[in-house]
Amino acid sequence: MEGKDSRDPHLDHGIQDALFRGLLAVLDSGQDATEMLAAVENFSRRHFEAEEHLMENHGYPNIDEHRAEHHRLLDEVVAMCALGPADPGLPEAVARVMAGMRTHIDEVDGKLVAFLAAQESPPPGRA
Ligand SMILES: [Fe+2]
Ligand SMILES: [Fe+2]
């Protein structure tokens, strides 16, 4: 999406994506991915919590749907990490969860970012 980073000042999606890419790189190199798996799981949990606090603090109207998506995604992340670093299906699982995370960022987080941007920049005459 064009300009995603510049529209995304509140959310650490660059870090999230980098962690997933780092995890794939570690798997690709054949090194032990135990620490990267833990880092991805911990960051995902904390990222979702931070986003949910942000939604609460700003009175975001779609918080219930968004939170349910986080629960679904976190379940996928936890299941992926539970496979363990030696599971031959892990790279495919990581790629699948990463794709789901990117879809969430584009579609679900994108609506939140637009909402926050509108709150920060009300239309002329409504400030
Ligand atoms: Fe997010
Ligand atoms: Fe989200």
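The model is predicted. Helix H3 covers residues 63–82, and helix H2 covers residues 34–57. The 20 residues of H3 should span 28 Å at 1.5 Å a residue, and the end C-alpha atoms of H3 are 28 Å apart, which agrees.

**Packing against H2**

The axes of H2 and H3 come within 10 Å and cross at roughly 175°. Because angles over 145 degrees count as roughly antiparallel, H2 is roughly antiparallel to H3. The residues that make this contact are listed by helix.

| Helix | Residues in the contact |
|---|---|
| H2 | Leu37, Val40, Glu41, Ser44, Arg45, Phe48, Glu52, Met55, Glu56 |
| H3 | Ile63, His66, Arg67, His70, Leu74, Val77, Val78, Cys81 |

By type, the residues of the contact comprise nine nonpolar, three polar and five charged.

Which residues of H3 are buried? They are Val77, Met80 and Cys81. Viewed down the axis of H3, the buried residues fall within an arc of 90°, so they line one face of the helix. The cover over the buried residues of H3 includes H2 and helix H4 (90–120).

The other side of H3 has the exposed residues Asp64, Glu65, Ala68, His71, Arg72, Asp75, Val78, Ala79 and Ala82. Val78, exposed there, is also one of the residues through which H3 contacts H2. Val77, by contrast, is buried and takes part in that contact as well.

**After the helix**

Gly84 follows H3 and has a positive phi, near 90°.

Note on methods: Residues are numbered from 1 along each chain as its sequence is written. Chains are lettered from A and ligands numbered from 1 in the order in which they are written. This is a predicted model: local features need pLDDT of at least 70, side-chain atom pairs count only at pLDDT 80 or more; totals for chains, interfaces and linings use all residues. Axes are lines fitted to C-alpha atoms, for helices over the stretch in contact, and angles run from 0 to 180 degrees between N-to-C directions. Helices (H or I, at least four residues) and strands (E, at least two) are DSSP runs, numbered from the N terminus. Angles under 35 degrees count as roughly parallel, over 145 as roughly antiparallel, 65 to 115 as roughly perpendicular and the rest as oblique. Two residues are in contact if their C-beta atoms, placed from the backbone, lie within 7 Å. Ala, Val, Leu, Ile, Met, Phe, Trp, Tyr, Cys and Pro count as nonpolar, Asp, Glu, Lys and Arg as charged, and the others, Gly among them, as polar. The expected span of a helix is 1.5 Å times one less than its number of residues. A residue is buried if 20 or more other C-beta atoms lie within 10 Å of its own, exposed if 12 or fewer, and partly exposed in between; C-beta atoms are placed from the backbone. The arc is that of the directions from the helix axis to the C-beta atoms.
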